[in-house]
Structures are given as C-alpha cells and as structure tokens.
Amino acid sequence: MNLTSWTREPLVHFVALGAVLYVALTWGGNPPDPASRVISVGASEKEKIAESWTLTMGRSPTDAELDQAVDAFVREEVLYREALRLGLDESDAIVRRRLVSKMDLSASLAAETVEPTEDALRAYFEANTERYAALETANAEVSFEQALFKTKAAASAMMSRGAQAGEATSLPAGLTSSPMRDVEARFGQQFAEGLRTLEPSDDWQGPVPSGFGWHVVRLTARNAQPPDFQSLRGVLTNDWRSEQIAARKERAYNVLASAYRIDIDR
Amino acid sequence: MSKAWTKLVCTGAFAIGLSACSDSLPDVGEDQSGDGTGIIELAEFPDRPYWGDTHLHTDNSVDAFGFGTRLGPEEALRFARGEEGTATTGAKTQLARPLDFLVIADHSDGLGATRRLYDAPRWYVEWVMGDETVLRWYDMMHESPQQSTRALGELITAAAEDRLPEAFTAEAEAQAEATKDIWNTQLSTLDRYNEPGVFSAIAGYEWTAMPNGNNLHRVVMFRDGSEKTRQTFPFPGINTKATQLWEYMRGYEEETGGRVLAIPHNPNLSNGLMFQMTMEDGSPMTEEYAALRAWAEPVIEATQIKGDSETHPFLSPNDELAGFGVKGWEIGNLTLSEKTEPSMYAGSYARSGLLRGLTLESQLGVNPYAFGMIGSTDSHTSLATGDEDNFWGKHTGNEQAYTDRATVTQNMGTRVGRFGWHYLAGGYAAAWARGNTRAEIFDAFARREVYATTGPRMSVRVFGGFGFTAADWDGDWVRKGYSEGVPMGGELKETGEAPSFLISAMKDPDGANLDRVQVIKGWIDGSGEMQERIYDVVWSDMASRRRSGGRVPFVGDTVNREDATYTNSIGAAELRTVWTDPDYSQGQRAFYYLRVLEIPTPRWTLFDAVRFGVTLSEDAMADAVAQERAYTSPIWLKINS
C-alpha cells in the first residue's frame, strides 16, 4: 500500500476527520451545547463574527455594524438553542433537506477547483482507454461519395448498373476526411449509423437510408485515430474533474455512512 | 454558524489530502483560450450551418438560482457538448444531438446574488441586512421550490419597477467583487470546454434592462478569448440605458482590440419599445444613434421559450401563417405590469421592426434596424434543450418533474393570462461559418449570415443577386452565389433589374419534412408607406397541391393526438428554387427573408399529455400541434440615393 492509496481509504478519512473535528471543536473553546445556558462572546468570537461579516460583505464591519452583528448572533444562538431544546430540528423536513444539501455541497466544493497530477491523469487515461477508443471510432474520419434516390428500389437498381447520377440535391456529393460528427450533422443519425456498418471499398455500396431518401455510397477511407493522451489532455482533465466531484460527494457520504450500522428490511 | 461549519469541513478536507479551498483555476493552452484563429483548417466558403444556443442561464443567474436551478456553467457546457447530465430535479437527460456552440448568458445584475443570499446565515439576513422583504424572500427560497419560484417572481417584478429593497442593492461593492470572481471563473471554465473544430464555448452575458417591466434585454456576445474578455466585466442592466451599453461595447473594442455584439431578445414583451421610431427618451432619432445601434446589434433573437417575435396577426392580416408562439405573450409586457395595446405591436415584432428600419433609413440615411435573426432557448435550467420531445422547462420550477407544468399558470402569471402551455420549447441559432471556432461563429453573426429556427435543424441557404437562373443548380451554385451575389444578411445595390434568389431548404435530417418555403418581402412604396407581402415560392408536391384562390393548400396533418407521433408521408425532404421578385419597382427600398415551414408536428405539450397522462385544456389542446419554422436573416435591396 503506497502513500496515495492509503490516503483514499475511508477509514483513514474517518479517523482524520474525527481528529480534525475534535481539535477544531476543543480549540475553539465552547462546543455548541444546546443544554448550556451560557452564551459568551469574547474577543475570539467577535473576531469570527467580524470575519463572517467580512466574507459576506467584502469589507470589515464598522463598530456599529459589528455590535449589531453580535446582537444578532446572540439572538440567533438563543433561539437556536431553544429550538434544539424543543426538538424542532428533528421533525422539520426543511431543516433536514437544508442540512443534507449543505453536506453535499461541502464535499463537492473542494473538488471543483482541483487539478489532476500528470500521473493521476495518465492513470485515468489508462483506466478509460477503451471508452476513449470507442469515442474515436465513433467519430472516425471518413471519405466518401454518395448519390441520393427517392426509393430503395431506385437506389438498388442504379447501384447494380454502376450509375452514379441521383436526385438533384443540395447535399454534398461527397466529403473528404470528415469526422463522423460532421457527417451526422449534415446527413443525419440514420445515415451515419448506416455508414458505420460499411467497410471502405472502391465499390458502390448500400443503399443507406436517411431522412432524405436512399443513398448509394462509395466509402473510400475510414481512419480512426487511436486514442492519444496528449491530444485528449483537455477532454481527460474535464472528464476527470467532473468524475472527481461526483466521486468525492459519494466518498464523503461513505465516510460518514461507515460509522453507522444500517439495517434495511427487504 | 453554517459558514463556520462549511469552513470547518473545508479544513477537514484539506487535512486529509482532498484539496485546498481556493478558486484558482488551471490555465489551458492558447489553442483553447484564444479565439481559434489559425488553429483549424477553414473551408473556402461557409459550408454548413453550425448549431448553437446563445442564451442559456445557469445557477449564476439571480432568477435561475431562485427558481431552484443547481447546475452551473460546467454542467451546462458538458450538456451542450452532448454529454449526459442530471437535471436539478433529478432525472438523467441528454441532447439527441450535440450543439456546436454555446453562449452562457447569465444576468449581469446580481450575478450570483440569490445564491449568496441563499447561502448566507439567516441571522445575517434578518439583522444585518435588516429588511423584512429580503428576509421573506430568503425564507421562501428555503421553504420549497414553489415558494422559491414565487419569491423570484416578486424579485423580478420589484427590479422591473425599480423598487428593490435598499438592503438588496446596498451591497454594491460586494456585488461588484462577486461579479468579477464569477466572470473570471466562468471564462476559465469556457476555455476548458472550448475546442476549435469541435465546440465553441463563447463568452457572454445578459444585459437585463426592463423599464416598468418592458423587456429591453440584450445578450452580449464576445468574439475573443479570455485574454481579452478578462479585461472587461458584465455591464449592469439596472438603471442603465442601451446607449450606455453600446458605449461600453465600443470602449471594450477600443481598449482590447476585441469584438463584441449585442442581441436584443423578446421584443414581443417590450410593449413597443424595442423598435421605436424615436430614441429611448422619445426624441427624434439621430443619425448617430441609428449608426451606433446598427453597429452594436446586427442580429436579434426572434424566437425562444418566451414566445415568437417574427410578426403578429394584427400587423400581418394577410399572413395566414403568422401568429406562431404569440398566444399568451401578446397580452402584456414581461412582468404583465402593463397590458399591450395593438398600437404597440409595431415596435414589438421583427418584421415591423425591419420595415421601420427602412423608413428611418429613408429619413436618416442609416438603417438602425438592419438586423438578422436567430433563435435560442433562454432556458434557466443550464440545459440548452430546444427539441419539442425533450423540453426541460423555462426554469427548474417547470422541469419535467412537474408533470402538470403545461396546465398551470406561469410564475409571473399570477395575474391571469399566461399558462405553462404558452411556453415554446425554445429555438436554436444556425450560423453559416467556414469552421467551428469562436471567431468564425462570431463573424457569421456580425455579417448576419445566421438564421433562426424554432428548434429543428433544417439547413436553409439563400443567395440574392441579379440574373440567377435554374441552370445554376447544375454547377457550383454555392461558389456562384458568393461570387456573383450575397448570402443571407447581405446587401444588394439596385441596378434597375429585379433581384433574383437562389433558395435551398433541406429538412432536419432527423426530423419532419418540409411544407413550403416563403419569401417575405418588406418595402417602402412610392408614397412612403411600409408594405409587406408573402410569396409561396416552392412547396411539396407542387404538381398536385396547386394554388387555388392565390393560396397554396394546407399540407395536411399526420399527427396522432393519442400517442404524439407523426409520419413523413406528406411534405418534402428538400425544396429549392430560383425566385425573381415579380413586383420589383425601381427606387424602392426592400428586404427579403425566407420563412421555411415544416409539416405539423407535436408540441412539447402533447408529449407531456401523452407521457404524463395530463389532460390539456381545450385551448392548450388546440395549440398542441404546430408547424415549426425557420427565419433567415434578410437580404436588403439598397437604392441609389
């Protein structure tokens, strides 16, 4: 087990998070205790209130504003503790939902700005090579000519006679080294699917159906690049990040969930 | 308390090696962060339409967040590029076909403000901001999605009536800082998803001026990469005028050497203010004003979720296909604070705006309303969906999770009149470009070589010139069109000869067949009056569908109301023709644009009715099938003065 893998262990997270919480809560003086009837606002509490004010407003509070914020803090603390004493937090669906989304958000917040290391990105690429290869194949560059006919019968007949003249159309008579993405945009999905089933050849093939009619096609080249790490770097980074955000939410949940025994009757 | 908790968790995350809490984002290479010039091989001529949405809101928009959206720019970009996404209300969704470009156009006013309000501790809102209204909104936002939607309805109305609580507007300084942060973060995100040749992630925002609830909104769109766009910030809409926006745009271009344009939208909700014969203050229009507007606003958004602005049946009584997407929207301005009188319509619709432009040009020598047309969504869900069978709502309060969304009143329709079914599924913008880069897409907009569709991706091309004939189809007609004529958005100088047009319309390859192509001509007649006329120039089955009484017979209707399906057994896959103006008269200023109609297909409301078992009202059911359409940018015929 190397350094990076043990840091991914939920148990390690749990212990570390517990330690951090313990230090933070004891260091900060009074852990919020709903049973206590004492509310002290000392220099350190004031500092925190001022900091919070600054974070929201983008500047430091004036003395009057700070006094007001402290009063507000005290008032909220009193009402908050009373609410807990009454058990309002336990039965309120809105409180529950708000707390849940707060936890979810906290987990993803950190991941939104994170960057993969070179190694992490390569590992991600290796692990997903098949997926990226499939995307490259689906978007292979093709060269082909085509002629359009109104009916399947007309298309088949023309193909067997080797004729190329089809209907007059504004569709391109052919494309050279075009990615399938582009073929799909011009000829539609049905045609693209049909084209994918053909093998390159000098012969006219088909007919391939599309929203416009029936096409006879001479597919002369198909070139799918093998997935290349350097050229995919941008896509990889985006995909990695977006997966990380989801994964961190899940991992954060699992860390917490691992502290519970969950029995579900099924 | 909650703030401290967030920080604590963040510290905890750092301690166990997850990440630091910082908002610095990585840089990408210049290929991605620039305008795309010199990166990809370009076609000799624009060779296909690229499809995009220039008007998408994410959770950074003050109203979108308030309506409940929790998807941001990153999710929006991934979705537009064709990735599967998860809507805020939970369901998985994906575009049937990816888009080629996207402008995220969040409101510049209060960028991120509702999100910050929502995330603030309640004591702060109650005691520091100290405003009962703001606190009520805060509580409504936390109470339920429905209440949140209602709160935002109130907020928008208050903003429109210029009576936002002081506590809300007083945070100007913090707001400015937040706007900078969000803008810069967004520019980095756009760069990361910008991929020349594949997808253009274009910088922009919405300037949201609405005096007394009259919609004067513009989407501002940049050509440039982040090196230049970082030198500016979104210009506020509250308490500013369009002329100030244009000055800001000119300033940006002078300072950075970049390019920017503005796209007015929803003139249909402006109560006649979008295309006035005068300047905003009612004084006679000056040449300077007209020139500035023409420079700043080459394109308008003619169709979107909040209705269609092409024309109104009142203005175009002889246009039997006018009135698409007008119902519900025609009764008042954006917030429904004022009713719309028929006398206001002429300033509220594109066709009459184009006509007014001709009149003003004859007086001033400059046409302030020489605009092209595009469609977009104006979706507030981060999901740029324009297809009828995949409609994700105006905002999160009418995503598909709310299965009765077609039958209930709209959020701002508490005063009776606008219902869910009045929403359109949204449109798209098509740009004829030589390749897919920020610069190429922008330049297509700037030269107006763009067109609007109500969602389907039909491929529409027109060249205007003198002496085009049917024989041109046999050769390289595109080359001929560009070398001997002008494409949509272009201008012809009169020669004394009637102009002719090469017209080609292909159906959406994965969609419905075409019914017909029309040329809409607007001109100023010999006595100075504005005139319009609709010409059916090519339609399906012309041999059997013969004109009778001057009209082309109805194409038919294959829509099955029981299961929301249709068949392509009627209509045509492709329509093209060469058309020469039979009513040309020398010395008359004119414009010509195409309207392309599909055969009737189900609207999103019919899909909803079938999928969710919702019963539509009689009115809604009568409107549940429609002929979707495209509007090209006009070609203008300029006269020798």
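In which sense do β9(B) and strand β10 of chain B pair, and over how many bridges? They pair in the antiparallel sense, over 2 bridges. Strand β10 covers residues 307-308, and two strands count as paired if DSSP finds at least two bridges between them.

Before going on, some housekeeping. This is a predicted model, in which local features need pLDDT of at least 70, side-chain atom pairs count only at pLDDT 80 or more, and totals for chains, interfaces and linings use all residues. Residues are numbered from 1 along each chain as its sequence is written, while chains are lettered from A and ligands numbered from 1 in the order in which they are written. Helices (H or I, at least four residues) and strands (E, at least two) are DSSP runs, numbered from the N terminus.

Back to β9(B). A hairpin of 2 residues links β9(B) to β10(B), and B:Gln304 has B:Gly307 as its bridge partner in β10(B). β9(B) also pairs with strand β11 of chain B, residues 372-375, through 4 bridges, and these two run parallel. There, B:Thr303 is bridged to B:Gly375. Is β9(B) mostly covered or mostly open? Mostly covered: 6 of its 6 residues, 299-304, are buried. A residue is buried if 20 or more other C-beta atoms lie within 10 Å of its own, exposed if 12 or fewer, and partly exposed in between, with C-beta atoms placed from the backbone.

Next, another sheet in chain B. Its 3 strands form an open sheet in the order β6-β7-β8, with antiparallel pairing. The edge strands are β6 (204-207) and β8 (260-264), each pairing on one side only. On average, neighbouring strands here are turned by 25° against each other, direction ignored. Such angles are taken between axes, which are lines fitted to C-alpha atoms, for helices over the stretch in contact; in general they run from 0 to 180 degrees between N-to-C directions. Strand β7, residues 218-222, is joined to β8(B) by 5 bridges, and one of the bridge pairs is B:Phe222 with B:Val260.

Now a helix in chain B. Helix α4, residues 73-80, has 7 of its 8 residues buried, so the rest of the structure largely encloses it. The buried ones include B:Pro73, B:Leu77 and B:Phe79. After α4(B) comes B:Gly82, with a positive phi near 105°.

Two loop residues of chain B are worth a look. B:Asp541 sits in the loop between β19 (530-539) and β20 (574-580). Its phi is positive, about 50°, although it is not a glycine. B:Asp541 has 13 other C-beta atoms within 10 Å and is therefore partly exposed. B:Arg97 is in the loop between β3 (92-93) and β4 (101-104), and counts as partly exposed because it has 18 C-beta neighbours inside 10 Å. B:Arg97 lies 57 residues from B:Ile40 in sequence, and 22 Å from it in space, C-alpha to C-alpha.

What about chain B as a whole? Chain B has 18 helices and 25 strands. Of its 641 residues, 58% are buried. The C-alpha trace spans about 75 × 55 × 50 Å along its principal axes. A compact globule of 641 residues would have a radius of gyration near 26 Å, and the 24 Å of chain B agrees with that. This radius is taken over C-alpha atoms, and the globule rule is 2.2 Å times the number of residues to the power 0.38. Among contacts with a separation of 6 or more, 76% join residues 24 or more positions apart; a contact means that the C-beta atoms of two residues, placed from the backbone, lie within 7 Å.

Finally, chain A. At what angle do the axes of α10(A), residues 180-187, and α11(A), residues 189-196, cross? Roughly 135°, and they come within 7 Å. The two helices are therefore oblique to each other, since angles under 35 degrees count as roughly parallel, over 145 as roughly antiparallel, 65 to 115 as roughly perpendicular and the rest as oblique. The contact involves, among others, A:Met180 and A:Phe187 from α10(A) and A:Phe191 and A:Leu195 from α11(A).

Two backbone details close the talk. The peptide bond from A:Gly206 to A:Pro207 is cis, with omega near 0°, and A:Pro207 belongs to strand β3 of chain A, residues 205-210. A:Ser177, in strand β2 (residues 174-179) of chain A, has a positive phi near 50° without being a glycine. A:Ser177 counts as exposed because it has 11 C-beta neighbours inside 10 Å.
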